[in-house]
Amino acid sequence: MPHITLRQIRIFDSVSHYQSHTRAAEKLHMTQPAVSMQMKQLEENMGVDLFERRGRSIVLSAVGEELREYSTDIIQSYNNMLAFAERVKGHETGHLTISVATTANHFSTRILSAFSKKYPEVTISLDVTNRQRILQQLDNYEPDLVIMGEPPKGHGLISEQFMPNPLVIIAPPDHPFAKKKGMNIKDLDNQKFVVREKGSGTRETVERIFKDAGIGCTQAMEMSSNEAIKHSVAAGFGLGVVSLHTLELELNNGHLVILDIKGFPLERHWHVVTRQGKAVSPVALSFKNFLLKEAHQYTHHEGMV
Ligand code: PGA
C-alpha cells in the first residue's frame, strides 16, 4: 500500500490551486525545493503523473484533475474534524436555534446576551412564541432547545427544570383588593381579568386553578403579550395573572401591585426542553449547561418569593 501523508495531500491541493510550486511553497511556508520533492514522492508513491510540466509552469494531468476532487474532500473532512474537536474543547462556534415561551423572553434575552459575550462566534436564531406553538416546533424537530413552562409528559421530550416561575395576581394600586391581606382565591370569584391568548401556558394554568377552585371570572380582554396585559391592568381593565419574571419596572414605579392571595405566588418552573432523537449540537449543549448554571442571575425579584 503506497505511503501517502496528509501533508502531501495538502501540498498537492495547494500546488493544484496555484499551478506553481513557488506560490504553493510561499503559501505553506515551505521552500520551493521541499514542495517539489514532496510532489515527486507523491507521484512515485501513487504511481501516476499528477502534473504536466510545460516549460516553467505546471498544470494538473487528467488523472491529477480527478484526484484533486478527492484531496479537496479529504482536506475538508480533516478541517471539519479539527473544528469539531475545538468545539468539544469549549471553543464553541456554530449556530443555535432556540425557541422560548413569550413569558420566558423576559429573562432569556439577558441570558443569551451573556452567552453570546462568552462565545462571540456563536450565531443565534431566537423565536419567541407561546407554549402551543413551541410544542408544535418540538414535534417537527425544529429548535435545538426550548425554554418553556411545565412540558407535557411523553411526546418524546427530554426536559430539565431549572428555575422557579412564580405566577402572581396583579392589580392597579387603587384597586379595592390592593391593600387587603391574606385573601382567598374564592374572593376573586367574578372579578374581571385581562388574560393571555389560548395556547399560552400561563392561560392554561390560570384556567386550571380557577376551575379547581370552582370560581368563574369575567374575561375583560384577551391579549398575547405580557406587556399589554400589564398596561391594561394598570389602566384599570381588570386583574391579571403574570409571571413574576415579567414584572420589574411596574413594581418599582408603583404602577402595579401584587395581590396577597393564599396559594400565591403559584410555584411553577421553567424547563429547558429538547426533542428525543434530535442530535444536540456542541453549542446547544454548551448553552444548556450555561442556562442551568447561570439562569437565576438573570431574573429580578429572586428574593421576593
Ligand atoms: P406562556 O409561558 O404563557 O408565555 O406561553 C409559558 C408557561 O408559563 O408555560
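# Reading charge, burial and salt bridges in a predicted model

Me: Which residues gather in a patch of negative charge on the surface?

Reply: In this predicted model, E65, E66, E69 and D73 form that surface patch of negative charge. A patch is built from residues with over 30% relative accessible area and no salt bridge, with like charges joined within 9 Å and nonpolar side chains (Val, Leu, Ile, Met, Phe, Trp, Tyr) joined within 5 Å. Asp and Glu count as negative and Lys and Arg as positive, while His and the chain ends are not counted. Each charge is placed at NZ of Lys, CZ of Arg, CG of Asp or CD of Glu.

Me: What should I know about the numbering and the limits of the model?

Reply: Residues are numbered from 1 along each chain as its sequence is written. Because the model is predicted, local features need pLDDT of at least 70 and side-chain atom pairs count only at pLDDT 80 or more, whereas totals for chains, interfaces and linings use all residues; side-chain values use heavy atoms, with hydrogens and water left out.

Me: Is E66 buried or exposed?

Reply: The terms rest on relative accessible area: buried is under 20%, exposed is over 50%, and partly exposed lies in between (1.4 Å probe, protein chains only). The areas come from the Shrake-Rupley method. E66 has a relative accessible area of 57%, so it is exposed.

Me: Which residues make the nonpolar surface patch?

Reply: L6, Y70 and I74 make a nonpolar patch of about 280 Å². Y70 is located in helix 4 and counts as exposed because its relative accessibility is 56%.

Me: How many helices and strands are in the protein chain?

Reply: Helices (H or I, at least four residues) and strands (E, at least two) are DSSP runs, numbered from the N terminus. The protein chain has 10 helices and 11 strands. Its radius of gyration is 31 Å, well over the 19 Å that the globule rule gives for 305 residues, so the chain is more spread out than a compact globule. That radius is taken over C-alpha atoms, and the rule is 2.2 Å times the number of residues to the power 0.38. The C-alpha trace spans about 95 × 40 × 30 Å along its principal axes. Of the 305 residues, 45% count as buried.

Me: How many residues apart in sequence are D13 and H271, and what is their separation in space?

Reply: D13 and H271 are 258 residues apart in sequence and 49 Å apart in space, C-alpha to C-alpha. D13 is found in helix 1 (residues 6-18), and its 16% relative accessibility is why D13 counts as buried.

Me: How many salt bridges does a search of the whole structure find?

Reply: A salt bridge is a side-chain nitrogen of Lys or Arg within 4 Å of a carboxyl oxygen of Asp or Glu. The search finds 14 of them. In one, the side chains of E44 and K40 meet at 3.4 Å, N to O. E44 and K40 are four residues apart in helix 3 (residues 32-46), so about one helical turn separates them. Both E44 and K40 are exposed.

Me: Where in the chain are R203 and E222?

Reply: The side chains of R203 and E222 form a salt bridge (3.0 Å, N to O). This pair links distant parts of the chain, with R203 in helix 7 (residues 201-213) and E222 in strand 8 (residues 218-223), 19 residues apart. R203 counts as buried because its relative accessibility is 9%, whereas E222, at 42%, counts as partly exposed.

Me: Which residue forms a salt bridge with E294?

Reply: The partner of E294 is K293, and their closest N and O atoms are 3.9 Å apart. E294 counts as buried at 16% relative accessibility, while K293 is exposed at 61%. Elsewhere, salt bridges that share partners join K198, R203, E207 and E222 into one network.

Me: Which peptide bond is cis?

Reply: The peptide bond from F264 to P265 is cis, with omega near 0 degrees. P265 lies in the loop between strand 10 (257-258) and strand 11 (266-275).

Me: What is the phi of H29?

Reply: Phi of H29 is near 55 degrees, a positive value in a residue other than glycine. H29 sits in the loop between helix 2 (21-28) and helix 3, and is exposed at 74% relative accessible area.

Key:
Accessible areas come from the Shrake-Rupley method with a 1.4 Å probe; for residues, only the protein chains shown count as cover.
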